[in-house]
Amino acid sequence: MLEKIKNLIVGARNKVASMSPKIMAVIVGYFIAVVLLVLTYYAAWMYMWLWLDKIVMSDLLALIREVIGPAMVAFVTFIATSLVDKDGDGVPDKFEQEAENNGGSNKKNHFR
């Protein structure tokens, strides 16, 4: 069991190491935002509990739920996948596919 967990962690580390810097920046930025929000929530909760003798944290909890909810995770995933550039030419693959689907004509595109 411990060997499976170790292999899973090593596999995840190898996948992360092979990501492009743009995708990595989006994922790391999102992760840092989530961690900071959760730490802020706990710090404020402790302050209100220890010094004010009341606990009303519904607004910050609603914000945390929004940030880690399915809509935000889908948004971050969409942004990260649209930054994939496998051939390394500086143009994301999604935009290259869009240009190919337009027939490669001399029409002006929004990204060229």
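**A tour of the chain, from overview to surface patch**

Among contacts between residues at least 6 apart in sequence, 34% join residues at least 24 apart in the chain. The model on screen is predicted.

Start with the whole chain in a cartoon view. The secondary structure comes to 5 helices and 0 strands.

Of the 112 residues, 15% count as buried.

Now select Tyr41 and Tyr42 and show their side chains. The structure holds 2 aromatic pairs. The ring centres of Tyr41 and Tyr42 are 5.8 Å apart with the planes at 65°, so this pair is edge-to-face; the angle needed for that label is over 60 degrees.

Stay on Tyr41. Is Tyr41 buried or exposed? Tyr41 has a relative accessibility of 16% and therefore counts as buried, because the limit for buried is under 20%.

Then select Met46, Tyr47, Trp49, Leu50, Trp51, Leu52 and Ile55. These residues form a nonpolar patch on the surface. Together they have about 750 Å² of accessible area.

Finish on one of the patch residues, Leu52. Where does Leu52 lie? Leu52 is in the loop between α2, which covers 21-51, and α3, which covers 58-67. The relative accessible area of Leu52 is 40%, so Leu52 is partly exposed.

Conventions:
Residues numbered from 1 in each chain as written. Predicted model: local features only at pLDDT ≥ 70, side-chain atom pairs only at ≥ 80, totals over all residues. Heavy atoms only, no water. Phe/Tyr/Trp six-rings, centres within 6.5 Å; stacked < 30°, edge-to-face > 60°. Buried < 20%, exposed > 50% of the residue type's maximum accessible area, 1.4 Å probe, protein only. Patch = residues over 30% accessible without salt bridge, like charges linked within 9 Å, V, L, I, M, F, W, Y side chains within 5 Å. Areas by Shrake-Rupley, 256 points an atom, 1.4 Å probe, with all protein chains shown as cover. Salt bridge = Lys/Arg side-chain N within 4 Å of Asp/Glu carboxyl O. Helix = DSSP H or I, 4+ residues; strand = E, 2+ residues; numbered from the N terminus. Contact = heavy atoms within 4.5 Å.
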